[in-house]
Each structure stands twice: as C-alpha cells, then as structure tokens.
Amino acid sequence: MAKKNTAQAPLTPAVLHILLALSTGERHGYGIMKQAEADSQGRTKMGPGTLYGSMGRMMESGLIRESDKRVDPEMDDERRIYYELTDAGRAALEAELKRYRGVVAVAEGRLAHGH
Amino acid sequence: MATNVAGRRYRTWYAMLLRLYPRPFRERFGEGMAQTFHDVCREHRDAGRGLFGLALWIFFETSVGIVRENTTHIVRETTHMSQLGKTTLRVALGALVVLMVPLVASQVVEGWNWPPGAFVRVYVLFFGTGMAYALIARKMGAWSYKAGVAVALVAGFALGWSTMVQTADSGHPERLWYLSVLVVGFIGACLARLKAPGLAVTLFAMAATLALIAVMLPSGAPPDMARRMAIGHGVFVVLFTTSGLMFRHASFAGCRPGR
C-alpha cells in the first residue's frame, strides 16, 4: 500500500502519544498504553480499540512497524508482539513537535502583548 | 477468587467481541488486543480494584472501534469493486477494438468468411486474455512480472489459436496435444499461486513440454512445411523461456504478489 505523507498533517492525540511512547524504543501494546498514560500524567487513557485501530492506520502510513514477538522479562512468560518507529514515524513526530513549538511561540507572544 | 472468575469470563466475552472486527484486522491485531485486555485486567486485579467498570469501558471503547473498522473495510471493498468494474469496462472496450481487425479484414480479404459465432468466440478469447492480464499483473508492481505475464499470455493465446485453426484445417486431432502445454501452464500457475518463483518454473516447464511434443509428434508434413513448423515451435519455446526468465528476474527482486 502506498505510504501517505503524514509528516505535515496534524496528528491525533492517540497517534501523537503512540509515537511518543515508541520514541524511546520498542514496546508491545500494553507497554504503549501504559507509557501514553504516564506521558500524559493520566489524562490520556486509550483502550485496546483506540490503540490498535490507530496503530493499524499508522502501520499503513508507514509510521510504525512490527518489530518481533518475544517475552517481556518484566511480565509473564507470554510472547508479545513489539512495535517500533520507522524513519517516517520519527520525522512525523519531529514535525508535530515543531508545529507545537510554533503554536506555543505565537500564543506566548500574544499573551505577552496582552498584558 | 471471585475476581479471577470474573476476569476469565470477561476475557471470554472480549474474545467473542473481537470476532466482530473485519477479518484482516482481527488476524493482524486480535491476539495482541486480547493480550492487552488480559494485561489491563490483571493490573486492576493486582491493585485490588474491581473489573466491572473497566470491562464495561473497554467493551464500549472496543465496540466503537469495531464500527469504525467495519466502516473503513466496507468503504475499501466498495472502492476496490468500482476499480474492478472500470478495469472490466476498459478490457471489454479494448477487446472490441482488437476485434475490429478481423471484422474489417473479413470485409476486404477474399476468402475470409467467418460465421458470426466465430467473432463471438474470438471476442471472448480477447476479453479473457485481457482480463487475465489485468487481474494477474495487478498482483505485483515489478515491471518484469508484468512483462512476464504479458509474454506468457500472448504466447499462450497464439499457441491455442494456431492449434485450433491447424487442427480444424488439417484434420489431425493429434495436434490437440499442443493444448497440453496450456494445461501445464494453468496447473502450474494455480500451484504457484501466481508467485513469481513458481511461475518461472511453470513457464520453463511449458517450454520443455512444447519442445518434447514437437520432437515426439510426427508432423507428416512436406519438408518445406516441416521447416516452417520447426521455426514456429522454436519461436514459442523462446517466448515461454523469455517469460520464465522475466518471472525469475521478478523473484530475484524479492517481490511477491500483493506487495
């Protein structure tokens, strides 16, 4: 399937948190969910439906990919599928952070003039 | 203990709920989703929290995902069907254009007197060959795969056509043996499931079968005709071998159908 150019498009909160969670390394589904919750200080709670639905679309867009299937040493002995960022995914995350920085700069400038 | 029983029950119900996802999504993520649900339930249980509220929220959240994924799946299938319809229309029109050649020729060439039924059969052959190319070639983007399919279909079509015509003209039913080359091709393509490495072997097998028939089958033709038949056999063997080499190139490129 053709990879879409999502580097310029604003990301949904779920996609942004999945990219953030994977930015430090490979994780399985539950690991991504817990990391997203921790990154947002508990404000973002994704269930499996939102998580895997978003990951399906991200895989089609080439932002993430399956890494391998192995046991998580900190959990039980079940093998889990791990996911990782692609170069396109890292570029999309960097572009989104740049966009956020731009919005924050504009907002801070306006607020400073307003006071 | 009661939480364990409830957890098992919820996991069973969740597994049943996951069956409502479209098959491709379920096959890809079903196992991971069930595992994640199990992990979340275990975390709540270990923290001494009840599972009812959690299960209710995840069941609702997953149901929303099921509706969304099924909608996406239906939209994709509809788009695919409309693309197939366009392809069919293009091939049908293309076959009609090609049919104009014998249709016009029958009007201007003396002795070319095809009955109407022959035009219908020829049109079906053109359309069938065109659709076979359109459906098989879309399986892979590699140029060598598409070229291999084109050469194999053109050579197969020409072999089948000339066999039918020569059998009808000469009254030698043993020449129908040449159709076994096409049978080898059809069986080979089915066994290979249209993958390039298998198709390469199939086309080489077709070339070998044709060469064997050409050697084994007595032509009974005068020397001049026999020489022309030998050249014809040689051309077909080269075409099938060329097609096989193209599929071999496609398989070395590491491409598989569907990519």
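The following legends describe close-up views of a predicted model.

View 1. In soluble globular proteins, nonpolar side chains tend to be buried together.

**View 2. Surroundings of A:Y83.** Neighbours within four places in sequence are left aside here. The contacts of A:Y83 in chain A include A:L22, A:E26, A:R27, A:G29 and A:I32. Also in contact with A:Y83 are A:Y52, A:M55, A:M59, A:R65, A:E66 and A:S67. From chain B, B:F29 is in contact with A:Y83.

**View 3. A salt bridge between A:R65 and A:E84 within chain A.** The side chains of these two residues meet at 2.8 Å, N to O. A:R65 lies in strand β2 (residues 64-71) and A:E84 in strand β3, so the pair ties together parts of chain A that are 19 residues apart in sequence. A:R65 has a relative accessible area of 43% and is therefore partly exposed. A:R65 is also among the residues in contact with A:Y83.

**View 4. A salt bridge between A:K34 and B:E43.** The side chains meet at 2.8 Å, N to O. The pair crosses between chains, with A:K34 in helix α2 of chain A and B:E43 in helix α2 of chain B. Both residues are partly exposed: A:K34 has a relative accessibility of 26%, and B:E43 has one of 27%. A network of salt bridges links A:K34 and B:E43 with A:E37 and A:K45. Over all chains, the count of salt bridges comes to 11. Side chains of opposite charge can pair when their charged atoms come close.

**View 5. A salt bridge between B:R76 and A:E60.** The closest N and O atoms of this pair are 2.4 Å apart. With a relative accessibility of 40%, B:R76 counts as partly exposed.

**View 6. The loop between α6 (179-192) and α7 (196-216) of chain B.** Most residues other than glycine have a negative phi. B:R193, which is not a glycine, has a positive phi of about 50 degrees. B:L194 is found in this loop as well, and its phi is also positive, at about 65 degrees, although B:L194 is not a glycine. Because its relative accessibility is 65%, B:R193 counts as exposed.

**View 7. A nonpolar patch on the surface of chain B.** The patch is formed by B:L89, B:L93, B:L96, B:M100, B:L103, B:V104, B:V108 and B:V109. Together these residues have about 700 Å² of accessible area. B:L89 is placed in helix α3 of chain B. At 55% relative accessibility, B:L89 counts as exposed.

Conventions. Residues are numbered from 1 along each chain as its sequence is written. Chains are lettered from A and ligands numbered from 1 in the order in which they are written. This is a predicted model: local features need pLDDT of at least 70, side-chain atom pairs count only at pLDDT 80 or more; totals for chains, interfaces and linings use all residues. Side-chain values use heavy atoms; hydrogens and water are left out. Contact means heavy atoms within 4.5 Å. Helices (H or I, at least four residues) and strands (E, at least two) are DSSP runs, numbered from the N terminus. Buried means under 20% relative accessible area, exposed over 50%, partly exposed in between (1.4 Å probe, protein chains only). A salt bridge is a side-chain nitrogen of Lys or Arg within 4 Å of a carboxyl oxygen of Asp or Glu. Patches are made of residues with over 30% relative accessible area and no salt bridge: like charges are joined within 9 Å, nonpolar side chains (Val, Leu, Ile, Met, Phe, Trp, Tyr) within 5 Å. Accessible areas come from the Shrake-Rupley method with a 1.4 Å probe; for residues, only the protein chains shown count as cover.
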